[in-house]
Amino acid sequence: MSDPDVVRGILEKAGYTDLAIDPVDADQVWGRDAADAGAFLADWGPVRFNLGNAGPEVADAVRAEFTESMRRFETPDGVRLRGAAWRIQAVRA
């Protein structure tokens, strides 16, 4: 879903018209602090699955690295990262 042309094709085949697909960049809050953001990343579906297969020592090390990597993004308002997405508008015919 990262390619606007693919999204446009899917929606048009589904009967949508008047499509508008625009890039949006915005701040995203990933956690209250680095530990919270690291825990959020570690609990993300595919990451959680792979950590479950990695064994406890590896999983603990990865969680610690996630936390450390988030420290530089900590602010008084939480861990903030810039995120990119597509805003998609369409009308169902």
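Visitor: Why is T67 called buried?

Guide: Buried means under 20% relative accessible area, exposed over 50%, and partly exposed in between, with a 1.4 Å probe and protein chains only. T67 has a relative accessible area of 14%, so T67 counts as buried. Please keep in mind that this is a predicted model, where local features need pLDDT of at least 70, side-chain atom pairs count only at pLDDT 80 or more, and totals for chains, interfaces and linings use all residues. Residues are numbered from 1 along each chain as its sequence is written, and side-chain values use heavy atoms, leaving out hydrogens and water.

Visitor: Which residues is T67 in contact with, leaving aside its neighbours within four places in sequence?

Guide: Those are A34, A35 and G38; contact means heavy atoms within 4.5 Å.

Visitor: Where is T67 found?

Guide: T67 sits in helix α4, residues 56-70. Helices (H or I, at least four residues) and strands (E, at least two) are DSSP runs, numbered from the N terminus. The protein chain has 4 helices and 3 strands, in the order α-β-α-α-α-β-β from the N terminus.

Visitor: What share of the residues counts as buried?

Guide: Of the 93 residues of the protein chain, 20% do.
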